[in-house]
Amino acid sequence: MMPAAGKGCHSRKPVLTSPAMNDRPTPATPPPGLDDVRAAAARIRGRAVRTPLRLSTPLSDALGVRVHHKIESMQHTGAFKLRGAFNALLSLDEAARQKGVICVSTGNHGRGVAFAARELGIKAAVCMSELVPSVKVEAIRALDADVRIGGASQDEAERRMMAMIEDEGLTYVSPFDDAAVIAGQGTIGLEIFEDLAEVRTCLVPLSGGGLIAGVAVALKALKPDVRLIGVTMENGAAMVESLKAGQPVQVEEVESLADSLGGGIGLDNRHTFRLCRDLVDETVLVSEEEIADAMAWLYWQDRLVTEGGAAVGVAALRSGRVKDLDGPVANVVTGANVEMQVFTNIVTERRP
Ligand SMILES: *Cc1c(COP(=O)(O)O)cnc(C)c1O
């Protein structure tokens, strides 16, 4: 997802979405179910890392409840989005495979699509606006993606991408609102259940909702009484505002340490809004300081390098924002793609 930088409006008021989002093609696919997640698990086996679910002794001791981290920061490309990308690409028919795929992303989704495409011998185009810093461009180019820079904003980059889909017959891969992507992310829920069938509470970072929707589809089917909590930053929480409004709304983006949680859910949202509304038990918002504290905690106590968006579960737990916590807890640590200068500043300023 695009970083919030440069969109420095601090209003959280819902605003109308861009025309590009409304124009996006909306094939009528049914929402994924447990069988789709199981099929995804079989497809991506041996391609995505089956990450460990590791007990955090320090966090368990601090909270008096057993807390386990699902360590997706160990995933290839440094984030869980590879799972959804692999499942989406492996679900394409031969004609679509031949033509290639396209997405708009400067971050973890772009890396996931580029990596999966290279592994599978599929062409991947990744669109970005002219504002994207060159380090992000190079990270995706290094995965052999066809990086296409154009447009003075994310909206413009999206509009340009729509034209390329038409002209070149490329298949669009959504970062979250796609049945195959959701099913791919849902393999995390399957693995949590395999490793910790007695799980009582599950915390999942929330942005567009592909991850938590997938985890919900798997985990709620296998363990209906699990308490599923979506966690996001308090500034610019599009899904939380949408759930409150009872329909998808767009919020103004605000800069956050959790840059991978930025972006809208799309006014024409097909799957994730409904799945979140129906399956997620509650949402929790965390502050920037709580996110920084959690990144430092994860580093000094658990020896994990995490990006802001991956640390929000620990932020919610450590700030006491989750009431009546019941264990064992599974907390999804979603990624490690943080600029190391930012990271070292945060952790050295918070040395215990
Ligand atoms: C994309 C992302 C999320 C949020 O996933 P959604 O499916 O958009 O809700 C959380 N953490 C990281 C590191 C991500 O890249």
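## Basis of the description

A residue is called buried when its relative accessible area is under 20%, exposed when it is over 50%, and partly exposed in between, with a 1.4 Å probe and protein chains only. The model is predicted, and for this reason local features need pLDDT of at least 70 and side-chain atom pairs count only at pLDDT 80 or more, whereas totals for chains, interfaces and linings use all residues. Residues are numbered from 1 along each chain as its sequence is written, and side-chain values use heavy atoms, with hydrogens and water left out.

## The aromatic cluster

A pair of aromatic rings is described by the distance of the centres and the angle of the planes. Rings of Phe, Tyr and Trp (its six-membered ring) pair if their centres lie within 6.5 Å, and planes under 30 degrees apart count as stacked, over 60 as edge-to-face and the rest as tilted. The count by this rule is three aromatic pairs. In one of them, the ring centres of Y299 and W300 are 5.0 Å apart and the planes stand at 75°, so this pair is edge-to-face.

Y299 counts as partly exposed because its relative accessibility is 28%. Y299 also pairs with F343, again edge-to-face, with 5.4 Å from centre to centre and 85° between the planes. This second pair links distant parts of the chain, since Y299 belongs to helix α13 (residues 288–300) and F343 to helix α15 (residues 340–349), 44 residues apart; helices (H or I, at least four residues) and strands (E, at least two) are DSSP runs, numbered from the N terminus. F343, at 2% relative accessibility, counts as buried. Together, Y299, W300 and F343 make up one aromatic cluster.

Helix α13 also holds A294, which is buried, with a relative accessible area of 0%. The C-alpha atoms of A294 and V347 are separated by 9.6 Å, although these residues lie 53 residues apart along the chain.

## The ligand and its surroundings

The ligand is surrounded by 16 residues, of which K81, N108, S207, G209 and T334 are the closest; a residue is near a molecule if one of its heavy atoms lies within 4 Å of it. Polar contacts (pairs of N or O atoms within 3.5 Å) include one between a polar side-chain atom of N108 and an oxygen atom of the ligand, at 2.8 Å. A backbone N or O atom of G208 lies 2.9 Å from a ligand oxygen atom, and a polar backbone atom of G209 is 2.8 Å from an oxygen atom of the ligand. The protein covers 100% of the 380 Å² of accessible area that the ligand has on its own, as computed by the Shrake-Rupley method with a 1.4 Å probe.

The ligand sits in the second largest cavity. On a 1 Å grid over the protein atoms alone, a cavity is a set of points where a 1.4 Å probe fits but cannot get out, and a molecule sits in a cavity if more than half of its atoms lie within 2 Å of its grid points.

## S207 and helix α10

S207, one of the residues closest to the ligand, is located in the loop between β8 (201–205) and α10 (210–222). With 11% relative accessibility, S207 counts as buried, and its side chain reaches the backbone oxygen of L261 at 3.0 Å.

Helix α10 contains A216, which counts as buried at 0% relative accessibility.

## Backbone features in loops

Most residues other than glycine have a negative phi, and most peptide bonds are trans. G327 and P328 are joined by a cis peptide bond, with omega about 0°, and P328 lies in the loop between α14 (312–318) and β12 (329–333).

Two residues other than glycine have a positive phi, T77 with a value near 70° and D144 with about 70°. T77 is placed in the loop between β3 (67–71) and α4 (81–90) and counts as buried because its relative accessibility is 18%. D144, in the loop between α7 (134–141) and β6 (146–149), counts as exposed at 58% relative accessibility.

Methods
Polar contact = N/O pair within 3.5 Å; in protein donor to acceptor, adjacent residues only side chain to side chain. 1 Å grid on protein atoms, 1.4 Å probe; cavity = no way out; pocket = protein on both sides within 12 Å on 5 of 7 lines; lining within 4 Å.
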